[in-house]
Every structure is written in C-alpha cells, then in structure tokens.
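This report goes through selected local features of one protein model, starting from a single side chain and moving out to strands, a sheet and confidence.

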Amino acid sequence: MQRFSLNNLLTLLIVGSVGMIFQAGPMSAQSWIVEETFGGNGNDRGYNSVTNIQGGSLNIGAGRSFGNPASWPNVHVEYTDGLGNAVWETVYEIRSVEFDYSIIQLSSGDIAWTCGVNTGATADSDVIVVLTDAVGTVLWSTLIGVGNGANEVSASIIESTDGDLLITGYSDLTGSRDVLVARLDIGGALQWATIYGDFARDIGRCIREVPGDEYIIAGQTASFATSTEGLLFRIDGSGGLLWSSHYGGFGTDAFAALIYDGPTNSVFVTGVWNEGPNSDIYVVNADAAAGTEIASQVYTTANPGLEGGRFINRAFTPGNWVITGSAGSPLGGIDAFAMEIPSTLTPVNWFRLYGGVGIDMGRSISFAPTVPGLTEEGYWIFGMTDSFGAGNFDHYLIRTNLVGKSGCDQIEVVDPITVSGENPNTLLIDQIVEWDQINVDELPIFSQLVICPGQYVGPFAPKQADTQTPSHFAEAVSLGPNPVRTGAGLLLEFIAPEEESAMLYITDMQGRELKRLLIKVQVGSNKLTVPIGNWAEGMYLLRIGGMHVSYSLPFAILQ
C-alpha cells in the first residue's frame, strides 16, 4: 500500500476550536429494564456505544428529532445506568455528517466523541473531536481539516495508554478517499495527522492500540483490486507505516471493527463478505506482527440478506468473541444480531436476532456487569431500529444475558383479535418459541407476534391481489366513551363492506405509536373493545387501516 504523509500538508489541515457547537439542555430520562429506544419522530440512528463507568451504556448517534438545524443531523448522546435507565441525554446542535460516530469514556471519567461535521462556511466536511465532562458538558472541541478544500470524516476514537486521543476515518485531500489517522493530546492539540492509501476508495473504520505505542487500523480498500477488500495496517506512535494487508475475494468486502488479543498477539476483525447476491458476516483472525491471515470464516444465516458484522469485542468467557451487526430477518426485513464465536472461529457458540418487521441494526456490543437489581452479567447491544420507537429510525439499546437472551427473546404466536363473541379481546396463545427459531411459513394465517408486553408485530397473512378500489366505511364509526378513563376500554363500532384483516393503531398527537393490533373485520356490523393503557391525560388518535376500511378518530384520556 502506498503511503501519503500529511507532514507537508499540515498548513492546510488547520486546527481550530468550534464556536458553533451548542449544547441543548438534558432531555427527560426514559425508564426501562431490558430494551428501549431513544429519539423522536425524525430519523435518529444509533452508531456507537461503550460500557460506562457505572456499568450502563454510553451511546452516540445522529439526532434529527431535536434541536436545529432540522435539515442536518445533530449529535445525540445518552448515558444510562446499569438497569438501562437514562441518567442524562444531550443533543449537541452541530451539522454532523451521518457517516459514523464514535464515543469513549476516558479513565478520568470524561467523555470523548468524534464524527464528521459541516461548519457551514464551506461545503466541505471536517473531523470534530469533542471532550466533555462525565455529564456531557463540553470542555473543548477541535476541528481537523478546516479550509483545506477536502472532506474529512471520522469513524473511531480511542484513548492511548499515555492518555492521548487517536481517531481514524477518511480524507479526500488527494482526490480520492484515503484513510485518515490523527493524534491529539488530552488538551485537544493536534500532534500529527497522516493519510494512507492509493488513488482509490480507502477508508478507516476502527483503530485499536497494540503494545509499544503502536496501532492497528481496520477498514476497506479498493487500491489492490477493482472491488473493495478488507484492510488492515499497523502504524507506530508517530504515524509511520509498519505493514499493511488486504483480505477478501472479488466482490465488495470490507472490515468494520477489530479487537486485539494479547495472548495470541493477533487481531480478530469483523465486517462484510459480499461475493454474491447477498452479503454475509465476515471474520478474520490475523497475526498482529505482520498482518498474515491465520484463519477466516464467512457466516450465512437462515434468512440471507444484507448481512454483516459491525462490531467485535471480548466475550465474558476468555478466548471467545462477541459480534453484532445486521442479519436477514425471518419477518422479511433486517434484524440486529449478536453471536459468540471461539478463537477457532467455529463452531458458533450462540446466535440471536433482535428486532421486528422493519430495519434493525446492531452497531456496538460491550460487556454489561452486575449492578444492584441485576445479578447476571450480560451484554449491551446498541444500534438503530425503525420497527419500534417514536417513528422512523430511533436509537436501539438492548441488555442481554451472557448467551444473548433479552427479556424480549421469547415470543408468543397468537391468533388475531376477533370482533365477535362475548369476549372479543381474548388472545389465543398457540405456542411459545424462541425469536431466532421463527419460520414465518409455518405460522397460522393472520398470526401476529407479541415480542414484549404491548409490542405487536405482524400480520403475516398471505398477500392477495385485490383489484377492487379501496373504500372507506359505508356508515359512521362510533367510539366511546369519549373521554375515557385510563385502564378502561373504548368501544369501537363500525360497518364494513368487505371481510378482511386490518391494523388498529393508537398514537399520541406527536405520532408516537402506543398500541398496534391486528383485527379481523367482518362484513356488516363490527364491535371491538380496545383496552386503554396507563397513559397520561391528553388527546390521542385511534386509526384503522385496511384495503376496504380506513378511519382516524380522536379521543381524550382522563385520569
């Protein structure tokens, strides 16, 4: 690999403080135990997390629901305790570039994070590195790449043994994307910045320290083939290149994260193997001294799709490794996954899926220690979801046990709510199965899945072509009592022109979904009692949607 030094370009890589960064006030905390989302009705994608010094999760991602400007993602950080209760959340109002975000908690307790940012002065993006105290108050911020006419974006940040900060990402200063690595002291002063690559698409995704104040970077490269490959290279503490290696086939392969193993002096790397119509989970074990491949493995799930490893970490059991990323869902979308593998890479110790009918991705996995109220160790998994939450993408945080099970891992396969009979709201439980053992083809027609209390996913009915023009209700719909007391039931009555299955939703006036039910609609008169949860006083919306029926009805809740 050809190396380009930035030593003669440092006059262009101007380092400056960030005057436009604005810290909004902490947002209200959300309390939960096992699984939760953070965000609003915009696209809030979670990208990176670490276990914080309290045993909770420190998360970072894009935030488009809060703060300004709305057209650019802000930076959204959450700090939870060991039970998953949000201790604080802060939105930093900057024009971040939604490529990647990375966050760490330093040995001092302070927090450092990085991403790409657009200052608004030019169309170019720069790297921002921010140091805050333990509650998110900004101490300093530094820009790398100001005014050089190029785009710089970061993807990973670490604290070195001697207390410096190192980042990796990419720069297009040479006209193509090259790996960018930079080193700052704890006061934010740039020590050096170097780019590595040829005139192709080379990107740094993850940086880790190895003994001797040296560092290994994982990412992707197109400098050695017409397609992309996984990239590893090692540098000394001043940025000098020691070795580089590339891995993969003839498709679009890439590395996303690595972890160093001291006892074997090797690295375990995960990423994407894409040599066919679908991508797969890719893991390589390479010698840290020279980059020589020791072993590699490609993992394909039972539901092939856009799959890949995104983060790798040490498992609780020495000599094993845990990985998270995205995998094909039995429901037809994309799920977050977690898996544990041994140092031999096979066999897989366990594999779990997390998510719903939408797109759900794991981006980080870290150890979750015991805390008061939880006596079992486990893992924090963090990423993004559009299956659950307040709408669009939200930050997605899960706590599992040591074999990847969460409180939402067992599901119930249930029949739909009927709209006739003396008790129209009875759920008939057919079976209880593991989430990763679902075969949609074997589910009863018009089944739905209850993943967690109050969370419904489905329906899984065969899609039939319907050439008729959808119509609204033939006659008026009634909903009462209105207002209704919390814990009571709303009686919904309507006339339908055709028999079908439809979805019933209850949302608040900000669009946050509170309840989702599959109902069987009969020709003619229908009656359904909808239970009301323990929700706050205010206005809500009940919606029904089907091929032949659709309606929205406002109602009020009183305590």
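## Side chain of Q105

A polar atom of the Q105 side chain lies 2.9 Å from the backbone oxygen of G109. The side chain of Q105 also has a polar atom 3.0 Å from the backbone nitrogen of I53. These distances come from a predicted model.

Is Q105 buried or exposed? Its relative accessibility is 14%, and buried means under 20%, so Q105 counts as buried. Beyond four places in sequence, Q105 is in contact with V50, N52, I53, L58, Y79, D110, I111 and A134. Q105 belongs to strand 8, which spans residues 96–105.

Of the 10 residues of strand 8, eight are buried, and the strand is mostly covered. Strand 8 runs antiparallel to strand 9 (residues 111–117), and seven bridges join the two. Within this pair, I104 stands opposite A112 of strand 9. Five residues lie between the strands of the hairpin, where G109 takes a positive phi near 100°. G109 is also the residue whose backbone oxygen lies 2.9 Å from a polar atom of the Q105 side chain.

Strand 12 covers residues 152–159; seven of its eight residues are buried, so the strand is largely enclosed by the rest of the structure. Its antiparallel partner is strand 13 (residues 165–171), joined to strand 12 by seven bridges. In this pairing S156 stands opposite T168 of strand 13. The hairpin of strand 12 and strand 13 has five residues between the strands, and G163 there takes a positive phi near 95°.

How many strands form the open sheet with the order 16-17-18-19? Four strands form this sheet, with antiparallel pairing. Strand 16 (203–210) and strand 19 (241–247) stand at the edges; each has a single partner strand, so one side of each is left without a neighbour in the sheet. On average, neighbouring strands of the sheet are turned by 20° against each other, direction ignored.

Strand 16 is joined by seven bridges to strand 17 (residues 214–221), and the two run antiparallel. E209 stands opposite Y215 of strand 17. As background, strands of a sheet pair through backbone hydrogen bonds, either parallel or antiparallel.

## Buried residues and cysteines

| Residue | Relative accessible area | State |
|---|---|---|
| C115 | 0% | buried |
| C206 | 3% | buried |
| L518 | 0% | buried |

The count of disulfides comes to zero. L518 sits in strand 39, which spans residues 513–521. Its C-alpha atom is separated by 6.2 Å from that of L504, although L518 and L504 are 14 residues apart along the chain.

## Confidence

The protein has a mean pLDDT of 79, and 78% of its residues reach 70 or more. Where does pLDDT stay under 50? One such stretch is residues 1–33, for which the model has 105 contacts beyond four places in sequence. Another is residues 409–438, for which the model has 88 contacts beyond four places in sequence.

Definitions and conventions. Residues numbered from 1 in each chain as written. Predicted model: local features only at pLDDT ≥ 70, side-chain atom pairs only at ≥ 80, totals over all residues. Heavy atoms only, no water. Pairing = 2+ DSSP bridges. Axes fitted to C-alpha atoms, helices over the stretch in contact; angles between N-to-C directions. Buried < 20%, exposed > 50% of the residue type's maximum accessible area, 1.4 Å probe, protein only. Polar contact = N/O pair within 3.5 Å; in protein donor to acceptor, adjacent residues only side chain to side chain. Contact = heavy atoms within 4.5 Å. pLDDT = per-residue confidence, 0-100. Disulfide = S-S within 2.5 Å.
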